[in-house]
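Open the model in your viewer and keep the sequence panel beside it. The stops below say what to select next and what is there.

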Amino acid sequence: MAGADVMNIGDADFNKEVLKSDQPVLVDFWATWCAPCRAIAPIVDDVATQYKGKVKVAKVNIDDNQDTPQQYGIRSIPTLLLFKDGKVVEQIVGGSGLKPKLEAAIKKVI
């Protein structure tokens, strides 16, 4: 469910991969049963490839990892959080008009 430039992470490595990252990190909270999540996956993959080396992109499966989504108040999916210096700087919920929203958010942090 993730392209070559997207990491699959979970509760155990979230702190290391996201909060302690020296690069901004875009995190896609998703689930296998979520049709909109599957629909936006190619967009998330494109963004990961486009901004490789500037922004890390990660996916967290909310069914397999429940602590992290709960900690960040994820109530609906797809939800994407953009982290910089260990803090959420942008939240995007849903998939409509996603690519321009992602690009605008990323350009603010790189």
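Start by selecting D13, which lies in helix α1 (residues 11–19); helices are DSSP runs of H or I with at least four residues, strands are runs of E with at least two, and both are numbered from the N terminus. The model is predicted, so local features need pLDDT of at least 70 and side-chain atom pairs count only at pLDDT 80 or more, while totals for chains, interfaces and linings use all residues. Residues are numbered from 1 along each chain as its sequence is written, and side-chain values use heavy atoms, with hydrogens and water left out.

D13 counts as partly exposed because its relative accessibility is 26%; buried means under 20% relative accessible area, exposed over 50%, and partly exposed in between, with a 1.4 Å probe and protein chains only.

Next, select F14. Show the rings of F14, Y72 and F83, which ring pairs link into a cluster. Rings of Phe, Tyr and Trp (its six-membered ring) pair if their centres lie within 6.5 Å; planes under 30 degrees apart count as stacked, over 60 as edge-to-face and the rest as tilted. F14 and F83 form an edge-to-face pair, 5.6 Å centre to centre with 75 degrees between the planes. This pair links helix α1, which holds F14, to strand β4, which holds F83, across 69 residues. F83 is also buried, at 1% relative accessibility.

Move to T68, in helix α3 (residues 67–71). T68 counts as buried because its relative accessibility is 4%. Its side chain makes a polar contact of 2.6 Å with that of D11 (a pair of N or O atoms within 3.5 Å; within protein, one must be able to donate a hydrogen and the other to accept it, and residues adjacent in sequence count only if both atoms are side-chain atoms). Leaving aside neighbours within four places in sequence, T68 is in contact (heavy atoms within 4.5 Å) with D11, F14 and F29.

Finally, select residues 35–50, helix α2. Which residues of α2 are buried? They are C37, I40, A41, V44, V47 and A48. What covers them includes β1 (6–9), β2 (25–30), β3 (56–61), β4 (79–84) and α4 (98–109).

Conventions: The expected span of a helix is 1.5 Å times one less than its number of residues.
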